[in-house]
Amino acid sequence: MSNKIILLVEDNPDDEELTIRILKKHHILNDVVVVRDGSEALDYLFGEGKYANRDLNVMPVIVMLDIKLPKVNGLEVLRRIREDKRTKWLPVVILTSSDEERDLIESYKMGANSYVRKPVDFIQFQQAVEQLALYWALLNEVPKGS
Amino acid sequence: MEKQRQILEKQVSERTKDLKVANQELGQQKMSIQKYAEALKQSNEDLESFSYSVSHDLRTPLRSMDGFSQMLLDEYKIKLDKRGIDYLHRISNASQRMSRLIDGLLKLSRFARNEMHISRVNVSDMVRSIAEEYQQFMQKRSVKFVIQDHIIAEGYPSLIRVLLTNLIDNAWKFTSQVSDAEIDFGCQKNEGQTIYYLKDNGVGFDMSYADHLFDVFQRHHDDYEGMGIGLATVKRIVQRHGGRIWAEGKVGEGASFYFILNNEKHVDKNGGK
């Protein structure tokens with residue numbers, strides 16, 4: 001199980017706690033790596049900065065990415081992910097509070113695999129996170145060694 | 001001859017002076033119009049970024065409130081007494097209510113931004129289909145709808161639908177205590193203008209509040225559900241059509257809403273579909 005990592009890019013500690021609790025509660029046992037801003041996400045994915053020693057053969061099965069992030073915003077992170085051949089096929093789900101049409105369009109233009117608006121209602125949020133994790137971490141497959 | 005020439009020259013030079021002044025004034029006006037246009041553009045951009053931040057930032061803390069109170073209910077319920085549980089439900093309900101308010105406000109602000117096309121709308125059909133939806137989804141209530149046929153308007157169809165839905169929703173809500181509830185829709189002509197109306201025989205309202213009925217978050221009946229956004233939306237939409245709306249009513253004797261959509265060139269009452 002250890003190499004099925006979920007990368008959660010989330011700057012809000014409350015949302016982080018809620019998301020992790022939901023995953024645990026539903027026995028989704030993947031390792032969850034939490035990074036707090038866009039630049040840390042890129043460091044993790046490309047083995048830079050404090051992640052310089054990370055084994056880049058192990059890529060997350062899914063990146064849950066917020067749009068509004070400190071330093072480098074989510075859409076820019078997504079653009080860099082798609083640009084790099086190591087992460088070109090990496091599944092990225094935009095998980096955000098924004099339901100602005102232009103964020104949706106931009107996300108898909110940049111190659112997001114999915115766009116989910118974080119509901120305020122916790123029950124709905126719980127269902128969303130659970131379904132996302134189950135689908136992307138268990139069911140979905142991506143080409144190997146692309 | 002000489003004298004005449006002098007007079008003429010004088011006249012010409014005076015005219016030229018006048019023209020110069022007029023030209024300068026025009027130039028100044030043009031500049032101030034440009035300034036206004038820039039200011040308007042700026043304030044529009046401000047509004048957009050404001051609504052963007054509302055949509056994103058105001059929701060986030062609400063999710064924490066709802067999420068953690070729900071989590072307390074899930075995981076610590078045994079440690080709480082009835083009152084404690086009730087308080088948590090209140091927190092959770094309040095945060096969800098706030099979230100609906102935000103959604104409502106955002107919708108309201110988006111109506112103003114949307115670019116759309118004006119076309120002919122069969123208002124009678126629209127009212128009928130909205131009425132049917134209400135009757136289908138809320139079968140506990142029986143409300144009689146009286147709808148005048150073949151009313152055609154020119155306007156933004158999706159906005160007119162929202163307008164009518166909000167008015168009907170309002171009438172539906174405030175007739176809930178009446179046993180023979182009735183909602184009438186129709187139009188009348190007055191000095192070449194078409195005045196549309198939607199009347200109900202519900203709880204009505206005090207005419208001294210008539211000016212504030214359409215204000216945002218203004219609620220007039222605490223015992224009825226609502227957020228105080230519906231009628232504000234209606235007013236915004238009517239204004240978007242260059243028209244106006246007003247209401248008449250009496251406590252206990254129903255309410256009538258009247259509106260004009262000014263941008264219509266003409267209304268063909270028998271125009272059919």
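What share of the 273 residues in chain B is buried? In this predicted model, buried residues account for 25% of chain B, while in chain A, which has 146 residues, they account for 36%.

## The two chains

The table sets out the make-up of each chain.

| Chain A | five helices, five strands | 146 residues | 36% | 69% |

The strands of chain A form an open sheet of five, in the order β2-β1-β3-β4-β5, and their pairing is parallel. At the edges stand β2 (31-35) and β5 (114-117) of chain A, each of which pairs on one side only, and neighbouring strands are turned against each other by 20 degrees on average when direction is ignored. Within this sheet, β4(A) and β5(A) are joined in the parallel sense by four bridges, and Leu95(A) has Val116(A) in β5(A) as its bridge partner.

Helix α3 of chain A, residues 74-83, has as its buried residues Gly74(A), Leu75(A), Val77(A), Leu78(A) and Ile81(A). When the helix is viewed down its axis, these buried residues fall within an arc of 155 degrees, so they line one face of α3(A).

## Chain B: a mixed sheet

Chain B also contains an open sheet of five strands, here in the order β2-β4-β5-β7-β6 and with mixed pairing. Its edges are formed by β2 (144-147) and β6 of chain B, each with a single partner strand, so one side of each has no neighbour in the sheet. From one strand to the next, the twist averages 20 degrees. The strands β2(B) and β4(B) run parallel and are joined by four bridges, with Phe145(B) standing opposite Ile183(B) in β4(B). Helix α5(B) packs on this sheet, where it touches β4, β5 and β7 of chain B, and its direction makes about 30 degrees with that of β5(B).

## Nonpolar cores

The largest nonpolar core holds 42 residues, and the members that touch the most others are Val123(B), Ile160(B), Leu164(B), Leu167(B), Ile168(B) and Val234(B). The elements of chain B that give two or more residues to this core are the helices α4 (123-137), α5 (157-174) and α6 (230-240), together with the strands β3 (152-155), β4 (182-190), β5 (193-200), β6 (244-249) and β7 (255-260). Of these, α5(B) gives the most, with eight residues. Another core, of 35 residues, lies apart from the largest one, and among its members are Ile6(A), Leu8(A), Leu45(A) and Ala112(A).

Val234(B), when residues up to four places away in sequence are not counted, touches Leu163(B), Asn166(B), Leu167(B), Phe214(B) and Ile245(B). Helix α6(B) has nine of its 11 residues buried, so α6(B) is largely enclosed by the rest of the structure. The buried residues of α6(B) are Gly230(B), Leu231(B), Ala232(B), Thr233(B), Val234(B), Lys235(B), Arg236(B), Ile237(B) and Val238(B). After α6(B) comes Gly242(B), which has a positive phi, near 70 degrees.

## Where the chains touch

Contacts between the chains involve 15 residues of chain B and 16 residues of chain A. On the side of chain B that touches chain A, the elements giving two or more residues are α1 (2-57), α2 (59-75) and α3 (82-113) of chain B. The largest share of that side, nine residues, comes from α2(B). By residue type, the side of chain B that touches chain A comprises nine polar, three nonpolar and three charged residues.

Note on methods. Residues numbered from 1 in each chain as written. Chains lettered and ligands numbered in written order. Predicted model: local features only at pLDDT ≥ 70, side-chain atom pairs only at ≥ 80, totals over all residues. Buried ≥ 20, exposed ≤ 12 C-beta atoms within 10 Å, placed from the backbone. Arc of directions from axis to C-beta. Contact = placed C-beta atoms within 7 Å. Nonpolar A, V, L, I, M, F, W, Y, C, P; charged D, E, K, R; others polar. Core = buried A, V, L, I, M, F, W, Y, C linked by C-beta atoms within 7 Å. Pairing = 2+ DSSP bridges. Axes fitted to C-alpha atoms, helices over the stretch in contact; angles between N-to-C directions.
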